[in-house]
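Please look over the sequence and the structure below.

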Amino acid sequence: MLRLIVLLTATLAAPPAATAPAPAAPSAHPASAQLAASGMERGRPPEAAIHWRRSLALGRPNRGRLAGGVELPTAGTHFVTVDPVTGTSPNRAWRRNGTDRLVEVLLRVAAEHAAAHPGAPRLVVGDLSRPRGGRFGPEYGGDGHRSHQNGLDADVYYPRRDGLERVPARVAQIDRRLAQELVGRFVHAGAQYVFVGPRTGLRGPGKVVLTLANHDDHLHVRIRPVPRARR
């Protein structure tokens with residue numbers, strides 16, 4: 001009897017069993033986290049923060065300047081940026097400036113691409129121009145650019161077959177169907193030139209879509225300058 005009383009007393013005095021901790025919430029996808037940091041958590045797309053202003057492309061793409069440049073955000077609803085020198089995302093701010101019309105074309109093509117391919121990776125954008133344009137040669141990292149000087153040029157990496165928002169390392173990694181559609185979208189948007197790599201097999205109107213060495217991982221779009229009289 002005494003042993004029963006002791007056992008009951010010990011049982012009642014024992015602390016309740018510890019409750020298992022609730023499972024941690026799954027971490028956000030890096031892309032989702034980047035969008036949230038850019039303003040999506042407030043219900044505003046990152047593009048809403050763009051400081052729009054009237055721009056002027058002065059001189060030529062290979063010898064020119066940019067006045068009133070517009071900075072493309074680090075990432076948006078339908079695009080991300082990548083630094084071609086470091087291979088990391090996002091691209092540095094001073095490498096992603098263009099005319100207001102160039103930025104508008106990039107956003108429009110990215111939105112059309114996303115609408116046509118729901119769930120597909122976002123457009124991967126590389127270099128545009130420096131904030132005031134001007135020389136953008138090897139002294140600024142990597143191979144540099146002979147053009148990209150007056151805010152009319154942008155590099156866009158071909159979509160990858162594996163769906164990663166990264167620079168394709170080999171032609172075999174390119175989703176050629178999506179890449180060809182992308183070329184067509186820029187042509188339809190009024191591009192003056194779309195330069196593509198000779199090994200990509202991408203095609204388009206002969207006076208607009210041209211092959212160019214060192215473009216097997218990205219296309220180079222150049223929009224037409226807007227005559228000042230139309231501004």
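Strand E10 gives three residues to the lining of the largest pocket, the largest share. Strands here are DSSP runs of at least two residues and helices (H or I) of at least four, numbered from the N terminus. This is a predicted model, where local features need pLDDT of at least 70 and side-chain atom pairs count only at pLDDT 80 or more, while totals for chains, interfaces and linings use all residues. Residues are numbered from 1 along each chain as its sequence is written, and side-chain values use heavy atoms, with hydrogens and water left out.

In total, 29 residues line the largest pocket, and Gly144, His145, Asn214, His215 and His218 lie nearest its centre. The elements giving two or more residues to this lining are strand E7 (153-157) and strand E10 (218-223). By class, nine lining residues are nonpolar, twelve polar and eight charged (Ala, Val, Leu, Ile, Met, Phe, Trp, Tyr, Cys and Pro count as nonpolar, Asp, Glu, Lys and Arg as charged, and the others, Gly among them, as polar).

How do helix H3 and helix H4 cross? The axes of H3 (residues 100-116) and H4 (residues 176-188) come within 10 Å and cross at roughly 140°; axes are lines fitted to C-alpha atoms, for helices over the stretch in contact, and angles run from 0 to 180 degrees between N-to-C directions. H3 contributes Val105, Leu106, Val109, Glu112, His113 and Ala116 to the contact, and H4 contributes Leu178, Leu182, Arg185 and Phe186, contact meaning heavy atoms within 4.5 Å. Seven of these contact residues are nonpolar, one is polar and two are charged.

Note on methods:
1 Å grid on protein atoms, 1.4 Å probe; cavity = no way out; pocket = protein on both sides within 12 Å on 5 of 7 lines; lining within 4 Å.
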